[in-house]
Amino acid sequence: MTMDELASRFGGVFTALITPFKDGEVDTVAYDALVERQLEAGVAGLVPVGTTGEAATLADDEADALIARTARLAGGRALVMAGAGANDTKKTVEKVKRAEAAGADAVLIVTPYYNKPTQAGLIAHYSMAAAATSLPVMLYSVPGRCGVEIAPETCAVLMEKHANIIGIKEAGGSATRVTQLRAACGDQFIIHSGDDGLTLPFLSLGAVGVTSVVANVAPREMVQLVEAWKRGDTARALKLHELISELTDSMFIESNPGPVKAALALANLAGPEMRLPMVPVSADNRERLSAVLGRFTSASAAFQEMR
């Protein structure tokens, strides 16, 4: 696959799917409906068993089943990029192999959390993971959760060493990183925004897509935003950015995925249940989310009528 083909496949909205639970078990009925809603909205990719999917509390057989289920439901309509990270390199390699066996099209590998490896450690870690699979590998830098950031120069080394390391989900909260990554890795290195609120700035600087939390709630609007930018309709892209902005901000009033699960519950799309140590959002924040969701729903309906 050429880099142009890769950029085409990885461009657009990739939804970081929640994992709905009911009485402690994965709610497959709700999950299937959520995935179908994403596909109908035209997302480019689905990301099961990531941070938003509470991967840290999923058993291996649950994760495998969710990846296989997502691939089956997608049926080629969207790319399936499965979360496959851990803070142990051996476990990461195992997760990568299991994701490939379960039918994933690509893997998203978060930096090892808690350990805080050096950049040399990150190179060794990602090299072993990439060597264990033929799938495209997306690096995932999220220093707010993991305590370590992947340096642009480290990305360049990894890209040079492993042809299947093709890009990064960048969730460091700074658009400046896009320019730094492109300077180090070249313009063929695929960059996704890992922060919904920075999607438009990232696209303007050379990113090709977003791995999105808010798309669980608003897939149509996120897809429209990215598509508007791609076709050069910057005014419409800006309007959509502004439309989604308050909802996007509300997704992080507590730790992800609490708020997005609460919003989906308020919309009767899935339950708010989480696995410890994560707990549902507070009553006050649930009320706040309800108000935000109401304003967003009204504003979005009005916006769609203007098309």
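**Helix packing and loop residues in a predicted model**

Q: Is Asn268 buried or exposed?
A: This is a predicted model, in which local features need pLDDT of at least 70, side-chain atom pairs count only at pLDDT 80 or more, and totals for chains, interfaces and linings use all residues. Residues are numbered from 1 along each chain as its sequence is written, and side-chain values use heavy atoms, with hydrogens and water left out. Buried means under 20% relative accessible area, exposed over 50%, and partly exposed in between (1.4 Å probe, protein chains only). Because its relative accessible area is 71%, Asn268 is exposed.

Q: In the loop between which helices is Asn268 found?
A: Asn268 has a positive phi near 60 degrees and is a residue other than glycine. Most residues other than glycine have a negative phi. Helices (H or I, at least four residues) and strands (E, at least two) are DSSP runs, numbered from the N terminus. The loop that holds Asn268 lies between H12 and H13.

Q: Is Lys116 buried or exposed?
A: Lys116 is found in the loop between strand E6 (106-110) and helix H5 (119-131). Although not a glycine, Lys116 has a positive phi of about 55 degrees. With a relative accessibility of 56%, Lys116 counts as exposed.

Q: Which residues is Asn164 in contact with, leaving aside its neighbours within four places in sequence?
A: Asn164 is found in the loop between helix H7 (152-161) and strand E8 (165-170). Asn164 is buried, with a relative accessible area of 16%. Contact means heavy atoms within 4.5 Å. With those neighbours left aside, the residues in contact with Asn164 are Ala130, Thr133, Ser134, Leu135, Pro136 and Val137.

Q: How are H11 and H13 oriented to each other?
A: Axes are lines fitted to C-alpha atoms, for helices over the stretch in contact, and angles run from 0 to 180 degrees between N-to-C directions. Helix H11 (residues 234-250) and helix H13 (residues 283-305) pack at an angle of about 165 degrees, with their axes 8 Å apart. Angles under 35 degrees count as roughly parallel, over 145 as roughly antiparallel, 65 to 115 as roughly perpendicular and the rest as oblique. H11 and H13 are therefore roughly antiparallel.

Q: How are H2 and H3 oriented to each other?
A: The axes of helix H2 (residues 28-41) and helix H3 (residues 60-74) are 10 Å apart, and the helices pack at an angle of about 40 degrees. H2 and H3 are therefore oblique.

Q: What is omega for the peptide bond from Leu276 to Pro277?
A: Pro277 is found in the loop between H12 and H13. The peptide bond from Leu276 to Pro277 is cis, with omega near 15 degrees.
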